[in-house]
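Student: I've got this model open and would like to go through it with you. Can we take it one question at a time?

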Amino acid sequence: MSDTALLTVRDLAIRIRGAQRNLVEEVSFSVAPGETLCLVGESGCGKSLTALALMGLLASPPLEIAEGAAEFEGQDLLTLPRTERAKLSGNRMAMIFQEPMSALNPAIRIGEQIAESVRRHQGLGHREAEARALEMLRRVRIPAPEKRLREFPHQLSGGMRQRAMIAMALANDPALIIADEPTTALDVTIQAQILDLMRALRDEAGTALIMITHDLGVVAEMADKVAVMYAGRVVEAGPMAEIFANPQHPYTIGLMSSMPSFGARTERLVTIPGMVPPIATMAPGCRFASRCPFRAAQCAQVPPLTALDGHSVACWRAPLERLEEPA
Amino acid sequence: MNRVILEAIALERRFTTDNPMFGTPTVVHAVNGVNLKVRQGETFAIVGESGCGKSTLARVLTRLIPASGGAVHFAGRDLSLLKPAEVRALRREIQFIFQDPFSSLNPRMTVGALIEEPMRVHKIGTRAERRARVGQLLERVGLPAQAASRFPHEFSGGQRQRIGIARALASEPTVVIGDEPVSALDVSIQAQVVNLLADLKEEFGLTLVVIAHDLAVIRHMADRVAVMYLGEIVELAPAEALFETPRHPYTEALVAAIPLPDPAMRRAEARVAGELPNPIAPPPGCKFHPRCPYAVERCARERPALSPADAQGRQVACHRAADLSLSGLAETETVRSPAAQRRFDLYAKARAAEATTE
């Protein structure tokens, strides 16, 4: 991990208080200023829990951070007292949620919601805060921003609400934005617009971005680095181009095969069999083993994340082509 | 060419959203003069953004809601002329798979009762025969027969969708309409259900009508695709051709907006600005013209009709269809790296060797 990292997460583990198994385990990654990291995985893989833990939004109890550290601008986010945390959230680091309708306050006008956050963190006066809110709506290219400022969230379309939430997240010039499936609820043309916008704003301001998504298409468009998660663990991580050109973990390969590809139309998709078993009932060892076509005896041990070909992978059987060679 | 099983003729559905005591009511044309023919045995897809009327069209096609104008013919018969008893019989022929299997399955009924219900309603078989068929159907969609005694909440989203599919198949329909049947599912589960639908279609000789906004899935599943915009079909073409060489600017925009799971194919900036206009007050002329990068003066004035664009049965509603050369997704040889291709092949081989049923 580089010295210049903005955020460094080490061995993060999250569990339900009193439970035997961790829901998220040994999750480590770092993000440099201006860099985009995508956390990729399906429901239940722990990508959202990881983000919530970083934002201090974990529902605790019952959830608790069992282990780990997350260093952000010289402070450990996970042990920070509540008051210090509150100074960071929405200020140095901000979050964009999937569903802007449930993240925005339905009873407060859009402009006021943005202004509130700049008043609080930057100590701006009423007028200045409102001017800032208007400027932010312009920056996220909302048409007729003067009018939108006075509207309530329900008066905006889904795409416009997501723009308003991005405006809110960026209002205090954060160093890091965590976006949890920011375009999943949107139509494709609107998704393309929001992705373009996020890319432009990120490059303008040099903001670091952690983007949580299940969509490998979004990953290919946005990411510098990727961490693929399965059942609470990082199974493969590395530079984005490397993950696509040289996928090593059977789960990553299976996930890519499951997507209707844009090459030749094939008759059938090559799928991953079954589904994620509940974490409490998982056999020890590799958590993907029960669905993996390459499983072997050694998979009863947890495979460590090890360097291989310029990125890292947690699989005893990688590289898979070795299996073809005669013993 | 197979015979036409489902046909819409100038089909219309209007909704009155506001009906004041004085003045004119506010009317939305959710489906506005749609003509289409679904052929037996094909997978016909209807795509478009939220609010384009695709779900309404599916419901009008199956008479789940009545049409406000035009006609629907099923196997050559005009649905609006059917007697109530005949409508019931029709329900047996056309079944629906919904997007959210959690809200479409009665939580108080066991899975067995849910799947048996269509057979009971249509008086198919004896009780024992129906029970046996429930078990067969469950196994066919990849669930254990014992699942019959459990309740929907005990299952995951993917399993619930399988239950919904088993229920849809129970009355031995000829046409199955799926309204976003896989869009709520995780990628790996989505792939399983897409394969399952393809297998079942083959096995039971079904005609599938799929409504979706995920174009990657549509490109994989569909034989022909109708693109809808504000209640109207703007382009209708064989799937391959539609994605490769779109002829309507809106189709081009949709195809261009797909995030491709391949970093070598990062798309250009989105070219279509803005959002779907208010359907209550749609723009005059071509409804797409305010967002269209190719619009000319005529487009604001005159509504283009859906008309034949080639000999392969493609239809386009665009004044400039003849002189525009639009870009699509070329069926390039896969740009995958040799390393990635090799692992995909290894994975496919290992999966085939497992020979697990889905």
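Student: How many Å separate the centres of domain 1 of chain A and domain 2 of chain A?
Tutor: This is a predicted model, where local features need pLDDT of at least 70, side-chain atom pairs count only at pLDDT 80 or more, and totals for chains, interfaces and linings use all residues. Residues are numbered from 1 along each chain as written, chains are lettered from A in the order written, and side-chain values use heavy atoms, leaving out hydrogens and water. Chain A splits into domain 1 (101-171) and domain 2 (247-324), with bounds from an automatic or database domain assignment. Taken over C-alpha atoms, their centres are separated by 43 Å.

Student: What area is buried between chain A and chain B?
Tutor: Start with contacts, meaning heavy atoms within 4.5 Å: 63 residues of chain A touch 60 residues of chain B. Buried area is the accessible area (1.4 Å probe) that two parts lose on being put together, summed over both. Carbon and sulfur atoms give 55% of it here, and the total is about 5600 Å².

Student: Which residue of chain B meets Arg268(A) in a salt bridge?
Tutor: A salt bridge puts a side-chain nitrogen of Lys or Arg within 4 Å of a carboxyl oxygen of Asp or Glu. Between chain A and chain B the count is three. In one of them, at 2.5 Å from N to O, the partner of Arg268(A) is Asp199(B).

Student: Which element gives the most to the side of chain A that touches chain B?
Tutor: Helices here are DSSP runs (H or I, at least four residues), strands are E runs of at least two, and both are numbered from the N terminus. Elements giving two or more residues to that side include H7 (158-170), H8 (188-205) and H9 (216-222) of chain A. With nine residues, the top contributor is H8(A).

Student: Why does the pair of Phe294(A) and Tyr347(B) join two chains?
Tutor: Rings of Phe, Tyr and Trp (its six-membered ring) pair if their centres lie within 6.5 Å; planes under 30 degrees apart are stacked, over 60 edge-to-face, the rest tilted. This one is tilted, at 6.3 Å centre to centre and 50° between the planes. Phe294(A) sits in the loop between H11 and strand E11 (306-308) of chain A, so the pair joins two chains, as Tyr347(B) is in H12 (residues 338-354) of chain B.
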